[in-house]
There are 2 protein chains.
Amino acid sequence: MTVRTTPIPLEDIESLAVGAWILGTGGGGSPYLGLLNMRQLYAEGRQVSLMDPFDLADDDDVAVVSNMGAPLVGQERLTDSRTVARAVEIMERYQGRKFRAVMSLEIGGGNAIQPLMAAAHLGIPVVDADCMGRAFPEAQMTSFAIGDLQPWPLSMADCRGQEVIVARVTTWKWMERVSRKACVELGSVASTCKAPRTGREVKDWAIHHTTTKAIGLGRAVRAAQRRHSDPIAAILEAEGGLRLFAGKVSDIARRTTEGFLRGTATIEGLDGDRGARMEIAFQNEWAVAWRDGVPVATVPDLICVLDAVTGEAIGTETLRYGQRVAVVALPAPPILMTPKGLEHVGPRAFGYDIEFRSVFAPTAAE
Amino acid sequence: MTVRTTPIPLEDIESLAVGAWILGTGGGGSPYLGLLNMRQLYAEGRQVSLMDPFDLADDDDVAVVSNMGAPLVGQERLTDSRTVARAVEIMERYQGRKFRAVMSLEIGGGNAIQPLMAAAHLGIPVVDADCMGRAFPEAQMTSFAIGDLQPWPLSMADCRGQEVIVARVTTWKWMERVSRKACVELGSVASTCKAPRTGREVKDWAIHHTTTKAIGLGRAVRAAQRRHSDPIAAILEAEGGLRLFAGKVSDIARRTTEGFLRGTATIEGLDGDRGARMEIAFQNEWAVAWRDGVPVATVPDLICVLDAVTGEAIGTETLRYGQRVAVVALPAPPILMTPKGLEHVGPRAFGYDIEFRSVFAPTAAE
C-alpha cells in the first residue's frame, strides 16, 4: 500500500490555528503559542506531514496527544514543543515500541497543534483525525471512550522533568480522575500521550479528516478577513452553522479549580438581540447557553463565541468585559449525539439536568 | 557467596506485629490486619524467609514496599496481601527484571509486615532492614533520601485495579507530592513499590537489622505480658528508652486531610505526672510532644504512646478518650540526627519552628 503523506505548509498551520480555535468552542487552549512554536520549528527547517487515517495499517501504533489542564494556566506556563514530544517518547519507552504517527486528542484550540509539535521533533506524520471533533474537558469525552476502547496507559510530562504513567485503570472515568489529580499537582497543565491506538481503532473510531476541516475553516475566515467580507457568515457557511446571539460581554466569572477553568459569561444583546441576555456556562469549553434563562444550546453542539468583527474565536480564558461577540452553533460529529455518545458528552455528563436537543434538529412544529 | 536466609516462624511475625507497632510511633498503620494476612498465608502453607542485608550482591535488585496513605482509612479499607504483591509485580514489569528480595520502607506499624505479605506471594526473601528505623509520613523522610539516592520510579496499586507509575521526578519532595495526590485519589490508601534499590545501596544506606530488632522488641513485650511484669519497663530496657509521661487521654482531635491523618492528642497526667498535661501533635506519626506548653520531645526521636497496662502501642488512628497511657521516647537511628538527616525529618521538616534536641542527648548541665 502506498502511504500518502502530504507536507503541511506553514500557511496551512496559520489557518489551522484560526480554525481549530473556533472548533475548540472556547477551550483546547489558545493555539497562538503552539503556532509560535511551529513557526520556529519551520524556521529551523523542520516540516510536518499529514497522513490520511485510512492509510494506516491495522497494526500501526498511533500516539494520541494533548496538553491537559486548565486553559488559563497555559497563558502563564507557555507551551514548549519539546514537552509534548517527551510525553510521546515516555510512552514509546514504556510500550517498548515506536509510533507510526501522532494524532490530536481534540481538534479544538492549541490541542490541534500539539501533534504537529510532537511530529516535528519525532519525524513521524500527523494523522488527519481526532477523537472529539471539537474540544472537551475530560478524558472519557472522546469517540474512543464512546467506543469502549481500552483507556490505559497514559503518560504525562511537565516542563520541569516530572513524568507520570497511569498504567492501568478500570474505567475511562478513573483515567480522568487519576490523571487529573496528577496534572493538577504538576501545576494544572501537563503534556500527555493518551492510550495508544492501533490503526484499526483509528479507522473505526476516530473522527476523520478534522485537521483538514480545521484548516479549511481557518482559511475561509482569513479569506473573508482579507476581503473585508463577514467572517461570521463565512464560518456559518463553511460549517453549516447557526447564529445564536449577538451582543456585548457584560460579565465573566472565572475560577481555576480541580484542574479546570470553570465559570459563566454573560452577554447583553445588541442589534436584533437588544434587550435579551445570554449566559454561557463553561468547563474549559462552553457547555450550555441560556437565552433569558431558557437553555438554547448545549453540548455536544459546538457553542462558539466569536469576535464580532474578525470572526476569530474567543477562549473561556480570554473572554473579557466589553467585547462585541457573535455566538454561533456548529454541528457536532454524529457519534457524539448517539445515546452512548450523549452519556459521555451530553448536558447531564456536565452536571446539567437538561435533555439534549440539537439546535440543528428539526422541531416538531416543522 | 553462601546466602543465608532464615525462615521466619509465625510466632516471630506475632512478635513483629507487637514490636513494629511500638516502633511505628503511632503510624505505619495497625499491624493487626497484616498479621491476619500472614496467619492465613502460613495456614495455606506459605513461609517467608529473612535475609541479612550484607548477603545481598551489589547488583541485586531490592523492592522497597509500603502501604501509603492515611492510617485511619486503613481501618476501613482492609489490607490484602495480594495488592502489595501486585505493586511489586508492576515494578518488575516496568523495569523488565525480577527482584532478588523485598524490604520495608519503614519498620513501623503494618508497614513492617507489608514486605512479608509481598514475599509470601512472590517467593523471594525479606531483607532484614528498612530505611526509617521507625515510621514517617512522607517520601523524602528516608535514609535513602538523606543519602540522595535516585527517588524514582514508584509503582502504586489499589484494590480496584488502578495502577500508577511515577516514572521520573526531579526531587524526593516531588515524588512525595505527585505520589501523594495519586494515592489520595485512589482513596487515601494504596500499595506502593518505591524506587528499587541495588544491594550496594541497601548495604550503604539502609537501616540494618530492624526486622530482627522489631521482632526482639515484640518478644520482650509479650514475655513481660506473660510474666505479668511491667511491659513498659521491658520496652525501655530493650531499646534504651526514657519515660516521658503517664496519664489519661482527655482529648483527641483527628482529621484525614491531604492523604494524611493529622491532629493533636491531649493527655492529663496521673501518678507522678498528676497536675501536668501533655499534648502530642501528629501527622500519621507522633511528631512533637509538649509538657505544659514546653516541647519535650520531637521527631526524629521516637515518641511512643503505649497502653499503660499491656505495653502495646496505640496508633494515632486508634487513640481514644479515657485510655491510660505511658508516653515514652526511644532513640532514633543516628543517620536521622545528622544535619542532613534533620533537614529531612527534624521538627522543621514537619512545620514546627523548634530546634531538635534529642531527649537522649546530654544536657549542658550534666
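Colleague: Where does Pro153(B) lie?

Modeller: In the loop between helix H6 (143-146) and strand S7 (154-157) of chain B. Helices here are DSSP runs of H or I with at least four residues, strands are E runs of at least two, and both are numbered from the N terminus. Before we go on: this is a predicted model, where local features need pLDDT of at least 70 and side-chain atom pairs count only at pLDDT 80 or more, while totals for chains, interfaces and linings use all residues. Residues are numbered from 1 along each chain as its sequence is written, chains are lettered from A and ligands numbered from 1 in the order in which they are written, and side-chain values use heavy atoms, with hydrogens and water left out.

Colleague: OK, and what kind of peptide bond joins Trp152(B) and Pro153(B)?

Modeller: As background, most residues other than glycine have a negative phi, and most peptide bonds are trans. Here, Trp152(B) and Pro153(B) are joined by a cis bond, with omega about -5°. Over in chain A, a cis bond with omega of about -5° links Trp152(A) to Pro153(A). The loop between H6 and S7 of chain A also holds Asp148(A), which has a positive phi of about 60° although it is not a glycine.

Colleague: Now the interface. How much area do chain B and chain A bury between them?

Modeller: The size of an interface is often given as the accessible area lost when the parts come together. Buried area is that loss for a 1.4 Å probe, summed over both parts. For chain B and chain A that comes to about 2,000 Å², 57% of it on carbon and sulfur atoms. In contact terms (heavy atoms within 4.5 Å), 18 residues of chain B meet 18 of chain A.

Colleague: How many salt bridges does the rule find across the interface of chain B and chain A?

Modeller: Four. The rule wants a side-chain nitrogen of Lys or Arg within 4 Å of a carboxyl oxygen of Asp or Glu. One pairs Glu185(B) with Lys181(A), closest N and O atoms 3.1 Å apart. On chain B, the elements giving two or more residues to the side that touches chain A are strand S8 (163-168) and helix H7 (172-185). S8(B) gives the most, with six residues.

Colleague: How do S8 of chain A and S8(B) run?

Modeller: Strands pair if DSSP finds at least two bridges between them. S8 of chain A (residues 163-168) is joined to S8(B) by five bridges, antiparallel. Ile165(A) has Ile165(B) as its bridge partner.

Colleague: And within chain B, what do S12(B) and S13(B) form?

Modeller: A hairpin with two residues between them, and Glu258(B) in the turn has a positive phi of about 55°. S12(B) and S13(B), the latter covering residues 260-269, pair in the antiparallel sense over ten bridges, and Ile252(B) stands opposite Ala265(B). S12(B), residues 242-257, also has six antiparallel bridges to strand S18 (residues 324-330) of chain B, where Leu242(B) partners Ala329(B).

Colleague: Last one: which residue forms a salt bridge with Arg39(B)?

Modeller: Glu14(B), with the closest N and O atoms 2.7 Å apart. That pair links distant parts of the chain, 25 residues apart: Arg39(B) is in helix H2 (residues 32-43) and Glu14(B) in helix H1 (residues 10-23) of chain B. Over all chains, the structure holds 54 salt bridges.

Definitions and conventions: Buried area is the accessible area (1.4 Å probe) that two parts lose on being put together, summed over both.
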